[in-house]
Amino acid sequence: MNKDDFKKNAHDLIDWMADYYFDDVKSLPVRSQVKPGAVRAQIPTAAPMEAEGFQSLFDDFRDIVIPGMTHWQHPRFFAYFPANVSPPSVLAEMLTSIMGANAMLWETSPAATELEEAMMNWLKDMMALPTEWSGVIQDTASSAAFCAVLAARERATDWRVNESGLQASDKLAFYTSAEAHSSVEKAVKMAGLGKSSIRLVPTDDDFAMKPSALISMIEDDRKNGTTPTMLVATVGTTGVGASDPLEPLGLIARSNSMYFHVDAAWAGSAMVCPEYRYLMRGIELADSYAFNPHKWMGVNFDCTAHFVKDADTLKRTLTILPEYLKTREGNSVTDYRDWGIQLGRRMRALKLWFVIRSYGVEGLQAMFRNHIEMTEELAEKIFMTEGFELVTKPNLSLLTFRKVEGNAEESDQATEALLTKINDDGFTYLTRTVVNGRPVIRFQIGQINTSSDDVMTTWERIVALS
Ligand code: PLP
């Protein structure tokens, strides 16, 4: 593709992208309706020997790929958590992709590193996070959790596992709640510590971790010669959006010399609004903290803000310095290669910069408040609709509900059947979880273009399908 072709194709694509994002996506089914294997069947089994023109690539994208996509930017996407992208973020990603830089070292792109440092400081300021923390952008909250587990393991074993392997480790215990995201369990398993070292601390009626239960589990472990090593608390759990009480938990972690990681993957973005920061009371006690601007802040996937109280603990855990990575600047600059799992890393700060400047703190606050207000209106509507039960009240912009029909078992069957009908219909897309052993339907609002009308027409459709 030469320069003229590139320009023409890019202009055509931008036209298509603008039509898709602002208009056309609204008339597509939210969840892809293709059957398994349908996309694969349309792709030739071998790569072409001869070059193809761009038009045929684009035609196939439109005709084969688009029907097989679930439209996360659809204003009636209410499933999982959002991954809302915004136009300025998309434009930043285009610039990032044409530069194609690897931001592993300061020297491999000083602007990537220094913009990343500056953006992490902006986020701290925007969310009143402790000023002494340092930040790094990871790909996902799962990676941040893995880094945190490794740092906790090394700190607890005085870096013996890094040196001599797991045989040099005492028995370690990791505490979190059953409501925590599965990435915590995965991180502990990947760190070689085994599922059996995880303690699931019981939760209260609001699905928040019980500090008193944590204390007795720690005491039991100490009696059995196991070292309490790490506590992972969540602000905004994946199932129902519950939040653990950080202050008492952080104090328990501190008095037991445990590493304290806080995961606010989804809810963290909303902390731009001061009125929700009560959920973060005690956050200064954390050793590390992560949230995903790629979930709810309009920043394209992937972008996880990961803050640490003591960067040296993280770097000492992950650092490795072969000759070919040594640079003249040495320790006088930040080399983010030492702050995460992979060596090569994308420049992710540009999209954050573009988004924050394009909307301003006030624009972002308005978006979160709007989503949360629409969720509260929906909760009232559900509460008033016969044959439905609001199971968990809105936690920020997430609520759960079920269908009520006869006894509990019949209601559960009706709830599952309704969810299948909703998603086969394509008007909206919702997902499920289990609350107190029973299935519920989750409804979260987080797409930038979602209007109150989208939410209300979706509710009417759900009632009509029920
Ligand atoms: N933590 C929580 C609370 C989540 O809800 C999720 C995903 O939804 C994650 C962690 C994992 O996020 P990621 O996909 O960035 O690893």
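Before I note any pairing: two strands count as paired if DSSP finds at least two bridges between them. Also for the record, I'm working on a predicted model.

**Entry 1: strand S11**

I started with S10 (residues 431–435) and S11 (residues 438–444). They run antiparallel and five bridges join them, so they pass the two-bridge cut-off. I then looked at the connection: S10 and S11 make a hairpin, with two residues between them. Asn436 sits in that turn, and its phi is positive, about 50°.

Next I checked what else S11 pairs with. Strand S9 (residues 398–403) pairs with S11 too, antiparallel, over four bridges.

I picked out Ile441 in S11 to see what it faces. Arg432 stands opposite Ile441, and Phe401 also stands opposite Ile441.

Is S11 enclosed or open? I found six of its seven residues buried, so S11 is largely enclosed by the rest of the structure.

**Entry 2: Ser197**

I moved on to a loop residue. Ser197 lies between helix H7 (182–190) and strand S3 (198–201). Buried or exposed? Its relative accessibility is 6%. The cut-off for buried is under 20%, so I logged Ser197 as buried.

Then I asked which residues Ser197 touches, leaving aside neighbours within four places in sequence. I got contacts with Leu172, Ala173, Phe174 and Val188.

Terms used
Residues are numbered from 1 along each chain as its sequence is written. This is a predicted model: local features need pLDDT of at least 70, side-chain atom pairs count only at pLDDT 80 or more; totals for chains, interfaces and linings use all residues. Side-chain values use heavy atoms; hydrogens and water are left out. Buried means under 20% relative accessible area, exposed over 50%, partly exposed in between (1.4 Å probe, protein chains only). Contact means heavy atoms within 4.5 Å.
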